[in-house]
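Here is a friendly note to read alongside the model. Please keep the sequence and the 3D view open as you go through the points.

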Amino acid sequence: IKGNINAPIKIVEYSDFECPFCKRNHETISVIMEKYGDKIAWVYRQFPLEQLHKKAMPVAIASECVAELGGDKAFWVFTDRYFEETLTNDRTDIDTVIPKLVAESGVSAAKFKECFESERTKPSVEVDVADAVETGGRGTPWSILIGPDGKTYPINGAQPASAIEQMIEAALKSAA
């Protein structure tokens with residue numbers, strides 16, 4: 001989770017690290033987080049589409065190892081930097097990039113290596129994928145905006161910031 005865990009608006013995003021539309025969506029949600037501050041909690045969930053992106057599952061497992069070893073802050077350093085720095089559609093040399101981002105996140109390289117090679121975080125990634133599909137996700141990014149009153153607003157694909165802001169404003173008004 002990035003932002004205020006008690007925020008009135010939660011955006012649950014199911015994302016694939018190798019998806020070009022997820023990269024665009026990551027930039028958009030980052031801008032929205034800056035604009036709305038403590039009114040938003042960004043919940044990241046894994047949705048690697050292995051049939052399209054062979055490198056997505058290893059990166060998802062790596063990010064979850066970083067989260068396990070370093071917490072939310074380390075996870076977001078890894079995730080933000082991955083989306084900032086890499087190409088999409090399996091064009092990233094993950095054998096070079098992952099260790100670099102692990103170091104930037106402040107996580108022990110040895111502990112990371114043990115976690116990553118064991119694939120112990122893969123079951124949690126698989127749970128996220130199942131949740132994405134169960135909630136209506138058919139592609140990435142798939143997001144659900146949850147308003148203060150619990151009403152949900154589906155966000156299919158990488159929408160412009162203005163469209164997401166309209167949903168946020170509608171959710172805030174409907175709860176008032």
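1. Let's begin at one end of the sheet. β1 pairs with strand β3 (residues 40-46) in the antiparallel sense, over two bridges. (Two strands pair if DSSP finds at least two bridges between them; helices are DSSP runs of H or I with at least four residues, strands are runs of E with at least two, and both are numbered from the N terminus.) For K2, the bridge partner in β3 is W42.

2. A word on the source. This is a predicted model, in which local features need pLDDT of at least 70 and side-chain atom pairs count only at pLDDT 80 or more, while totals for chains, interfaces and linings use all residues. Residues are numbered from 1 along each chain as its sequence is written, and side-chain values use heavy atoms, leaving out hydrogens and water.

3. Now the whole sheet. Its five strands run in the order β1-β3-β2-β4-β5, and the sheet is open, with mixed pairing. β1 (2-3) and β5 are the edge strands, each pairing on one side only.

4. What connects β4 and β5? They form a hairpin with five residues between them, and in its turn G150 has a positive phi of about 90 degrees. Strand β4 (residues 142-146) pairs with β5 in the antiparallel sense over five bridges; S143 has I155 as its bridge partner in β5.

5. Look next at the two faces of β5 (residues 152-156). Y153 and I155 make up the covered face, whereas T152, P154 and N156 are on the uncovered one. In a regular strand, side chains alternate between the two faces of the sheet.

6. Which helix lies across β2, β3, β4 and β5? Helix α6 (residues 161-175) does, running at about 175 degrees to β5. (Axes are lines fitted to C-alpha atoms, for helices over the stretch in contact, and angles run from 0 to 180 degrees between N-to-C directions.)

7. Two helices also pack together. Helix α2 (residues 56-85) and helix α4 (residues 109-118) have axes 9 Å apart, at an angle of about 130 degrees. That makes α2 oblique to α4 (under 35 degrees is roughly parallel, over 145 roughly antiparallel, 65 to 115 roughly perpendicular, and the rest oblique).

8. Finally, is F78 buried or exposed? F78, in helix α2, is buried, with a relative accessible area of 0% (buried means under 20%, exposed over 50%, partly exposed in between, with a 1.4 Å probe and protein chains only). Leaving aside neighbours within four places in sequence, F78 is in contact (heavy atoms within 4.5 Å) with residues including V59, I98 and L101.
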